[in-house]
Amino acid sequence: MDSLPIVLPASPAPPRRAPLPILAPIVPVAGGVVLWLVTGSAFALCFAALGPLMMGASLLDATRARRREHRDSDARAEREWAFAESELTRRHDDERTALRLRHPDAAACLAQSPLRSAEPPDPATPVVVGAGSVSSSVRCSGGDDRRAREFRERCRVVDAAPVVVALGGGICLRGARPLIAAAARALVVQLGMRFGPTQLALRGTGLEACGLGASPHAARGGRGRFALAVDSSETTRTEADAVIWLAPADAEVPEGVTTVIDIIEPRRASLRTPHEEAVIAVECLSFAQAGAIMEGFAVSDDAAAVLPDAVSLEELEQPVPGRGLSAAVGRSARGEVVLDIVEDGPHAIVTGTTGTGKSELLVSWVTAIAARNGPDKVVFVLADFKGGTTFEPLRGLRQVAAVITDLDEEGARRGVSSLTAELRRRESVLAAAGARDVCEVDMPRLVIVVDEFAALLSEHPDLGAVFTDVAARGRALGIHLILGTQRAAGVVRDALAANCPLRISLRVGDPADSRLMIGSEAASALPGGADSRGLALVRRPVDTEPVTMRVALTGAADLHTVERLWAAEAPPRSPWLAALPTCVPLADLVVSEAAEAETLVLGRSDDPAHQAQPAETLRCGEERGILFLGMPGSGRTAALRALAVQRPDAEWVPSDPEQAWDLTVGWATGSRRPPSLVLCDDMDALISRLPPEYAQQYAQYWEQILRNGAGTTFAVTAARASGSLGRVLEVIPRRALLRMPTRIEHLAAGGEASSFVRDRVPGRASMGDREVQLAWVPDDADGTDDPDGSDEGATAAAWTPSCAVTGVISAGARSVAARLRKAHPSFEVIVAGTEATEPDRPCVVVADGETWQRHWSLWQHIRADGEIVIRAEHAVDLRQLAGVRELPPYARPHAGRAWAIIGAGAPRRVIIPELMPR
């Protein structure tokens, strides 16, 4: 508002008369007389006549100028008054507009919805009772005539402005019954549009008489809200915070009412309050007008007030199944709310903060669809990312193919592959049938329901692109999304939101989220607390305004009814491939061609890209082999045991180094032929038990065997593929990577960083780009007590002297000689350097390597004509004294093992029982 006063023009002063000219007319008169006296000519006196003429002319000119100045002054004053009048009109109009915005009546509320405060009304709340003259803040200055005084009076009052009184003082309307009822309707409608039903409650016996009984404010009573009663003098007064009293013209004003309006006609009434009396024009509404406005209340956001506090799903009548998937999910002021994800969708977004009933809505929606549509028409995949309990009650529904809780990284990748595969499968089915829509083929619709979609995207951003792709192509393929999230802004991409025309919003905290969802801020204005739980605003493509509904709650009885209804139907095919089981017994895996193709079952593989979990097999005798890498307890030995059960003729590589060496050397040299299946457990542990030179040679043998072993399949396990074993294991074409102790070892074994799982279940292996759960059999299923061949018993014949003279290289010669003397009494056992007492008896000479070098001639004699025995602890002496350059058979030291050589023969491993540890 303008704060400066209006400046009024001053009254114009009358123009001052010009003075009479005296000297100017005297000069020509005096000049004429002088000329007449000098010349004596009478014509000189004519010049003297000019003086009076000049005087008269001056008087006439002054009069004309004075009149012109008077006219200009009047015109200027009129212009200033016109400006003042227009300024007064403008300021009064602005003031009147501001007052109407501040205090709108029913007509102003209808023209522009008033801005509502979150606070309910109170006794001091102003209510507009009509239009009249009110004090104005416009002021003026200047001017002191009658016109100015009248202008000042008009400045102080603005006409046709809202006249307000305090609501708490009560209002008494007196006059003809139709007039006071019409005025009461206007007052109640005004308050009803300014305050919602959660803030204002209407009571009283006069509501029905005035046609206000259908108001949502009257439907729910007070319950802590500001109560306004509409009563008449013919009834008792209703207990309320304020009252609108209807009375005849001559009735007494009831006690406690401080505002009285005597209505003479609609545009003329007298107002009386304790402070003033005034004439006003009251506002009136007819029955029809009030009814139309009440109906508008029912479809606005105030419709929450007329909704029941709770709705059960069994109370709703589900629609007859049609081409779509229609379902009644709640109740609005006009009846049941039916949603069709096919016709209204094809996809939907549901928003709502925690505790508003979003999960209950999703459960009721799924149950309502399943109540009228069997698994041959609809299949559900339910995903919950806020704890995993939302959809647990729905697991028993026949239509529910999968219930997914929080995904790990592996589960997210499987989900991406499963959804992509489902899209391809449905496209191929439509293409094969020559159809353009799923309605034309016998294929159920797939509804994917996600609770906490934002949590899904934050943990697995890759799924966002998949859901966008599903949303773009889902209508024709019969795939529909129902995405629940606490807020849509910044979570649901524009490309995805554009394909989700069906929007449901429960209470949200940000008005921007409400506008994004339903086009208005109504969802953010929903009240909080327990009463608003399950209160939602629905906007379908056909809705011009959001529809308020109370979400139906699903009970255990509703679920049992739906479960029993479709219990006889076959379970649907799950489009979301279930995770591999943590244990797959071998008996559960059947391969029809196993007998013909010598196919062995390794386990069950996970192939979400084709929505299948086929058996992972190994072609025995055709494939070179498979390597199982993993830490102890990861299921390596169990995998070999499962293969052994399938091929009883399989041969285990013993874990005893001597047995393993002999077997491996036989295969490498060709003296033995390996069977069609060879099983070697913990090859790295076996190699680590060999001395370095033996370990290197053993690895070379295995590399040779693996490269040349045509017709044999090797199944090998190891904890790591490093060192001398790495080159050997690289020859094996297939690799199964089980649980590794650290990420570094996982990477070193050939795994990807993203596939490392610290707590990977035993038997779960990564083979190429697929996960495999290896087959499991009991420990004794292969019929052997020790499949590892870990018996460390005798691996060679016990040694006895076989020549006339025998040389033994061993430390502690005297002790060893005493033992041998006792074990072989028929032989003379002596220590080198002593003479034999009986030259004709067979003799055994014992000494250490250094002693034998001092008695070199004796050593050469024994080497040429007898037998030499070198204990396994003295492998260096085998090379130095016996001249053996090739590795002898591995002999375990400190276990009574030795190498025996006769003549030019190769060393052979023998056991000297007398020298075994006791």
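In the predicted model, Asp606 is buried, with a relative accessible area of 4%. The value falls in the buried class because that class covers residues under 20% relative accessible area. Asp606 belongs to strand β24, which spans residues 599–606. The side chain of Asp606 makes a polar contact of 3.4 Å with the side chain of Gln613. When neighbours within four places in sequence are set aside, the residues in contact with Asp606 are Arg414, Leu577, Leu580, Ala612, Gln613, Arg770 and Glu771.

Backbone geometry was examined next. Most residues other than glycine have a negative phi, and most peptide bonds are trans. Against this background, Ala160 has a positive phi, near 55°. Ala160 is part of strand β4, formed by residues 157–166. With 39% relative accessibility, Ala160 is classed as partly exposed.

A positive phi is also found at Asp682, where the angle is about 55° and the residue is not a glycine. Asp682 is located in a loop, with β28 (677–680) on one side and α21 (683–688) on the other. The relative accessible area of Asp682 is 23%, and the residue is partly exposed.

On the surface, a nonpolar patch is formed by Val29, Val33, Trp36, Leu37 and Leu45. Together these residues have about 410 Å² of accessible area. The element that gives the most to the patch is helix α1, residues 23–39, which supplies four residues. One of the patch residues, Leu37, is found in helix α1. Leu37 has a relative accessibility of 60% and counts as exposed, because the exposed class begins over 50%. Leu37 is thus exposed at 60%, whereas Asp606 is buried at 4%.

Conventions
Residues numbered from 1 in each chain as written. Predicted model: local features only at pLDDT ≥ 70, side-chain atom pairs only at ≥ 80, totals over all residues. Heavy atoms only, no water. Helix = DSSP H or I, 4+ residues; strand = E, 2+ residues; numbered from the N terminus. Buried < 20%, exposed > 50% of the residue type's maximum accessible area, 1.4 Å probe, protein only. Polar contact = N/O pair within 3.5 Å; in protein donor to acceptor, adjacent residues only side chain to side chain. Contact = heavy atoms within 4.5 Å. Patch = residues over 30% accessible without salt bridge, like charges linked within 9 Å, V, L, I, M, F, W, Y side chains within 5 Å. Areas by Shrake-Rupley, 256 points an atom, 1.4 Å probe, with all protein chains shown as cover. Salt bridge = Lys/Arg side-chain N within 4 Å of Asp/Glu carboxyl O.
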